[in-house]
Every structure is written in C-alpha cells, then in structure tokens.
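Me: I'm new to this one and would like to learn how to read it. Could you take me through a few features?

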Amino acid sequence: PKEIFLKDYKLPDYYFDTVDLKFSLGEEKTYVSSKISVIPRVEGSSAPLVLNGQDLNLVSVKVNEKELKDGDYLLDSRHLTLPSPPSGVFTLEIVTEIYPQKNTSLEGLYKSSGNFCTQCEAEGFRKITYYQDRPDIMARYTCRIEADKALYPVLLSNGNLIEQGDLEDGRHYALWEDPFKKPCYLFALVAGKLESRDDSFITRAGRKVSLRIWTPSQDLPKTGHAMHSLKAAMKWDEDVFGLEYDLDLFNIVAVPDFNMGAMENKSLNIFNSKLVLASPETATDADYAAILGVIGHEYFHNWTGNRVTCRDWFQLSLKEGLTVFRDQEFSSDMGSRTVKRISDVSKLRIYQYPQDAGPMAHPVRPHSYIKMDNFYTVTVYEKGAEVVRMYKTLLGSQGFRKGMDLYFQRHDGQAVTCEDFFAAMRDANDAEFSNFLLWYSQAGTPTVKVTSSYNAEAHTFSLKFCQEVPPTPGQPVKEPMFIPVSVGLLDSTGKDMPLSSVHHDGTLQSIAKDGQPVYSTVLRVTKKEEEFVFADVHERPIPSLLRGFSAPIRLESDLAESDLFFLLAHDSDEFNRWEAGQVLARKLMLTLVADFQQKKPLVLDPKFVHGLGSILRDPSLDKEFIAKAITLPGEGEIMDMMDVADPDAAHAVRVFIRKQIAQELKGDLISTVENNRSSDGYVFNHDNMARRALKNIALAYLAALDDPECTALAMHEYQTATNMTEQFAALAAIAQNPTKTREEVLADFYSKWQHDFLVVNKWFALQAMSNIPGNVENVRNLLNHPAFDLRNPNKVYSLIGGFCGSPVNFHAKDGSGYKFLGEVVVQLDKINPQVASRMVSAFSRWRRYDGTRQNLAKAQLEMIMSTNGLSENVFEIASKSLG
Ligand code: B3K
Ligand code: ZN
C-alpha cells in the first residue's frame, strides 16, 4: 500500500469544465458513460492525463469523438492513462460497465434494500467511472438516468430536473442538471421505489424552495422530525450566518445500508435511515437530537464544504471541523447551550483524547494517509470544531462573523486550504494570531498546569501556566501552542469579581471595556511558561479556569478539593460547575482505583455524595444539567488517566460508587423518578427532554441496587412507558443485573419490536455493551440471530461496536474478547473494508494494558496482518497500531 503525503500536493495538469453522465441501470450490470470537456491548466501542455478507476470494466474511450485503440492508452487496476492527449481543450468520452448489485463496500454505486444509491466521498467516484478523483477538480454536471420504470419509479440526481420521459421496454429516464461547479465526491444518484414527504421553505429573499424527504412509503410517517429539523436549519443559517440556500429543490433520501451517518451531496443528501426516521414510540431523545444535529450538519455543508470545498483531502477539517462547529452551535440554539457543550466536551474526552494519545494520533490536518477513509476521525471532526471555536472565542461573535463573511467573499466556488480559512479570520479582524496554525499541524492534547497565588498586600492574583504537548507518532518534539484560556474570579460569596486589568509580559493591559466591568476574560497563553497577574483583586479569589472549555487541552490546576466544591456550588459559568464536579469525581475514582488494586476496602467520601445530593435536590437547576452533573466519568475516561489501564479496577470502582450513591440517595432518587413521569404525550423540546433525562438517570442509579423494590419500579416504568426514551431507559436499567427478569424483559422487547430494524439495533447494542461477566458468548450467539447481518453497517456498529464499548468484556483477561473481534474483523474485511477498519481500531491502544493483555491483543493484530487479501483500510490501522 502506498502512503500519500500533503507535501507532495501538485496542481492538476488538467481541469474538467463540464461532465455529462449517462447511467443505464440494470439488474446485472450498469453502463456509465461520461463526456468530459478537458482543459489543460497550462496552455499547450501535453502532460499525460491520469484518471483514477477501481473495479471498473472499461468499454470504450474516445478523444474528440475518435475511439482510442488498445495501445493509445494505458490501463492498470487503479488507473486509465492517456500518455499524450491533444494539446488544447478536448472532449473525452468514456464508457464503463459496473456491478452495483455485487458492491458490498457501500462505496460508489450500490444497492440498498432494492434501491440504487451512491456514496462518493472520499474516493468512491472512481468506482463509477474513470475520473480525476480529487476535490480540486470542480466541474458542472448533468446526469441522465435510465432504468426500469416499475422497479425504479423515482430517479434523482443533483441540481434541477430538466427533462423526463418514457422509453421502450418499460424503461424511463430523467435528466438532471446541477448549475453549480462541484468536485465529484458530491455527485449523487438515487433510483428506486420511494415516496416523499413534501414541504417548502421561503428564503429570506422570498424564494420558495421545495423540500422532499424520500423513504419507502411505510416509513414516511417517521420523517416529520427530520423535515422540521431541515427547516429549522435553513432558517438558522440565514439568521446566524446570513447564508441562504441556492437552488429551488432540496432532497434527502434515507437508506438502511450506509457506512456513516449521512452525506452532503449537492441538493441530494443521502442519509443513514437511523438519522432520518423517528417517532416517539421508536426513537429516543438522543435519536431526535442526533437527527436535528446531522440534518443541520449536512445542510450547513452546502456553504461550508460544497460552495467552498477542500483543495485536497488533507484539508478535510476545513469543511468538517467548521461544519461540526456550525451544527454544535445550531443544536445549542435549539436547546440548552450548557448541556450541549457538556455533551460535546465529553465526546472529545472519551473518543478524541485517547486517539490523540495513541498510535493513530494525527494532526487536525494530517500529514499523510494510506486510505483517506481512515481519517474521518474525531480529531478531524471534533478537535477540528474546537479549533474553529477558538477563533470565535478569540474574536468574539461579531469578529468571527466578519471572518466567515470574508471567507465566502474570497473563496466561493473554490477548493481551498486551512490557511485560507485562517487568513480570512485574521484579515477580517486585523488579528494577531501568532502561532495559532500549530493547531492544524501538531498532534497530541496539550497539558496545561496552572498554579495560582494571591498577594494580599499588593491586591494581585497571579496565574502561572506551564504547557506541554506530548510526543506523537512522527512528532517527537513539539512547540508551545496558542491557547485561549477563559477565566473568571469568584469572591467568597460565590459571585464573579469585576476584572479591571492584568499584568502580562511587562505591560499592564486593561480588561474593562468602555468603562463597563467585565467578569470573564480570555488570556492568550502562547509560551511554554507564562504568568498573568490580575490587579485590584481585593480578596483571595477562587479562579474559574478554562470557562466553557475554551481550548481542547487537559487542564491541571492546584485548586483544593474545597475550591472545587465551591465552584460546583457557585460558578456562574455552568459548564465549569459541571466540570468542577467531574474533576472531583475523577480524583475520587482514581484514589479508589488505587485502593482496589491494593485490595483495600473501598470507602466513599461522604462529602461527594452530599455534593451530588444537593445538586439533585436543587429546584433552581435545569433538569438536564442535573442529569449530566450526577453522571460519573466513564470507565474509559478513568482508564485513560491511569499509567497502566486496568479495566477491572475502573469497572469495580464505578459500580461501587454508583451503588453507594443509590443507597445513600435512594429516597431522593425514587421521588425523582415519580415526580418526572410524563403527564401527556411525547414532546421533543428542552423541558421535556430534560425531565426524561433526569428521570432516566435516577432509574439507572436505583437499578444498581438490584433490590426487589427498585426492580419493581423499573418494571413499572417499562410497562407504562409511552415513548422509546422511557421504555428503553427502563429496559437498560433492568438489564444491568443478570437476573431472570432481565431475560424476560429482553425477550418481551424483541417480540414487541422485531418488525422495526432500528429498534432491534438498540436491542443488539444494549446486550452487546453489557458488563455482565462472560458476555462474549452472548454476543457470539447474537451474530447468528436471524435479525443480524454482517453486511449492514448499523448492525455491526450496534453489536460489534457495542461489545468493544464494554471494557470489562472486550478486555477480558482470558483474551476471549480480543479473539472474537479478531475473527469478526477478518470476516468483515472481505465484505466492507471501511466498516472493518472502524472495528479494528478498538485494538489500537493495546499498549496501554498489562503484559498479558498486550500479548493477547497483539497476537490478534498480527493474525489480522497475516490475512491474505487484507484491505488497505484495515492494513493501515492494524500496521500503525503495531508500529
Ligand atoms: N462528508 C461525509 C463523510 C464522508 C465519509 C467518507 N468515508 C459526512 C459528513 O461529515 O457530513
Ligand atoms: Zn460533515
């Protein structure tokens, strides 16, 4: 396999101006013909034209209408090369034959539940026809689709429908034209038996846009929330960014077989059904929230990704980091900003920090890849979004908006780089950004140590920062980063002190703005060691550091436990209230882990339970915030902080604390469940979601007691639930304990929902993630369950992915979990390399464990590496994990 490097980027020798595609869809094979007008970049050049192609059967090639003979072009398994094309503009026509029915990789053109659909990002278009498959080739497309009318009554592609009609032999056709230039990764085609929910949106300029969400007819009733989300997203993008939709039609198609969440193809988004279909009875609040976020995300790509796209795939975060940031902001505005921030930061900590500390660590803009699909990562997406958020933190809302406006003004219709985005932000604000670009090129999570001291005589308060960026593969030595640290100071009553000025670098900078006091300020930490001294501080303050999580770092402060309890009770920055509780919980859990490892009896600090109890009972707090605040850090997060990850200790400690809390707060938890039941039907809004979240976490705690009273309560909630959010939470609560009731309720749930594959996937995931000892056997059995299918990514993510999410079972000391995953990966790789490669990633941090586990995991990786015909996808992850 060949590694591709950012530093090797070269401008293409040829541009494509227009591309006319014709698809003749068939049951055995599909013919694709493309007619491309080719323009040399440099006049008179006759450099070879190299086209990408994979799994294609070439039928014919014509240049300026003349068919080429065998020797006129070169063909290998990955390329079609014209060694000496005519100089000047010319027409290239290519016909290929492809086999979508046999395509299990779900990349290129494939079939899902009888319908044709495409997935071209990153490099799937080359599985449709020979092309310069790279995002800096932007062309205007037409697409003519021809198919059997009875089997495929609906024919869709990008842009506008300009012609349709019947043909001989029961066939028909549709001709689509996309007026916008686009890279081929945004091309899409759908053909099948689908029906649409239709609606419309009036843009702020008064244009009417038709909106259609396509599914098989029986699913149409479940598309209401998706349509609502789409309209909300269109409005929000106009209000917040001044960005209007640019065509008269916007289509969304839901398909059950899809490798990821969704795809932003120009005006024809294709979605995993999981992220479109929802009804109160079948989808949880988390599903509703995910649909809102992802519908928003794909829609927002129309400007950040499609109108302005990436020059090359190394720049992926240019569109993904930015668009994740936009969807996070959208969801914040539609619900609770604090709770959304807590969820996003948790996601970063649980998934991105470990990646950034392991063998697959890479910068937000990677330097190299073997298979681009492996770089659609939490680093590119979530850390990338944090990088965009830092611009906003530094520039303020208005400054950020000015930067965005300039970005579109400069680059609409272009394929650009992360530096172009940076430059727009800087130039629009005349900003001084020193070494900010390092966020794109240096991997690893910076650790920042903060020490504070108060000088009672001088009335000054000093914060000393010391930063360290850990070494990562290929980057042994790092430079200090530009870290925006948002800070406030609390007085002894818990109120924010007004901040007047700060000494830094030998100067006194004023903080107050226009004579108005300021209660939070952003310090720009840019050196390895640096001190900031606040002036006019009249009592010893408690500092609230990194408010709103203003930078993706690990913060280590010298705050005492009592300071943390104080912040938990008083901080005006709600994110930091939550964070104070998390820091306390992490410290506590690590202490107990050490006790557990030394076989000491475990004892829980009563102050901690007391703190949680007062949060639980505080009527002034948002219920969803309470639910987050009483949730303990996960086992993974704790293992991540240990020198040698010990899944058994992390698990035992978490179980112990949960039980203790449930015991001590049992009365409060029971009344929390009772007082937060639904009074009427399901409503998806913040208050109702918050109520359900709080009720469900209380129920989960109670079930940890495994006593008859709590089991009966959970059973009651299960039986009376009128929506999936509450029903599934009750099921999960009951399923915590390996009892007969568990088996009965799981069976009952399946028989209720076996007709609905999305609900059945929840049922698979719940069992797969279970911490019940020896669960690997159950999961093996579920592989043979009639509802399971290795070819469907959602099912794999639920069952196999779910299993790898249970540290005790996946990392079982007998190696049974590793062996199971090894076997599945080898099988899966032959079907769908992208999905197999995601699964094999569960092995990547094997060096974090003890010697026994290391040997067992390593043996599986080696077994995988020795498999014949291994895909490049799995090869890259497995070899880098071993390397
Ligand atoms: N851009 C797509 C991801 C494509 C992944 C290709 N392996 C979805 C998104 O981020 O919006
Ligand atoms: Zn995206």
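**Reading the model, feature by feature**

Reply: Let's start with Asn-64, which counts as exposed because it has 12 C-beta neighbours inside 10 Å. The cut-offs, with C-beta atoms placed from the backbone, are 20 or more other C-beta atoms within 10 Å for buried, 12 or fewer for exposed, and partly exposed in between. Keep in mind that this is a predicted model, where local features need pLDDT of at least 70, side-chain atom pairs count only at pLDDT 80 or more, and totals for chains, interfaces and linings use all residues. Residues are numbered from 1 along each chain as its sequence is written, while chains are lettered from A and ligands numbered from 1 in the order in which they are written.

Me: Where does Asn-64 lie?

Reply: Asn-64 is in the loop between strand 5 and strand 6 (66-67). Strands (E, at least two residues) and helices (H or I, at least four) are DSSP runs, numbered from the N terminus. Asn-64 also has a positive phi, near 45 degrees, though not a glycine.

Me: And Asp-55: buried, partly exposed or exposed?

Reply: Asp-55 is partly exposed, because 17 C-beta neighbours fall inside 10 Å. Its loop runs between strand 4 (49-52) and strand 5 (57-63), and Asp-55 has a positive phi of about 55 degrees.

Me: How do I read a sheet?

Reply: Strands of a sheet pair through backbone hydrogen bonds, either parallel or antiparallel. Two strands pair if DSSP finds at least two bridges between them. Here, an open sheet of 4 strands has the order 10-11-16-13, with antiparallel pairing. Strand 10 (108-112) and strand 13 (154-157) are at the edges with a single partner strand each, so one side of each has no neighbour in the sheet.

Me: How many bridges join strand 10 to strand 11?

Reply: There are 5, and the two strands run antiparallel. One pair to look for is Ser-112 with its bridge partner Asn-115, in strand 11.

Me: Which residues surround ligand 1?

Reply: Near means that a residue's C-beta atom, placed from the backbone, lies within 6 Å of the molecule. Around ligand 1 you'll find, among them, Glu-121, Ala-122, His-297, His-301 and Glu-320. Strand 20 (262-263) and helix 2 (285-300) each supply at least two residues of this shell.
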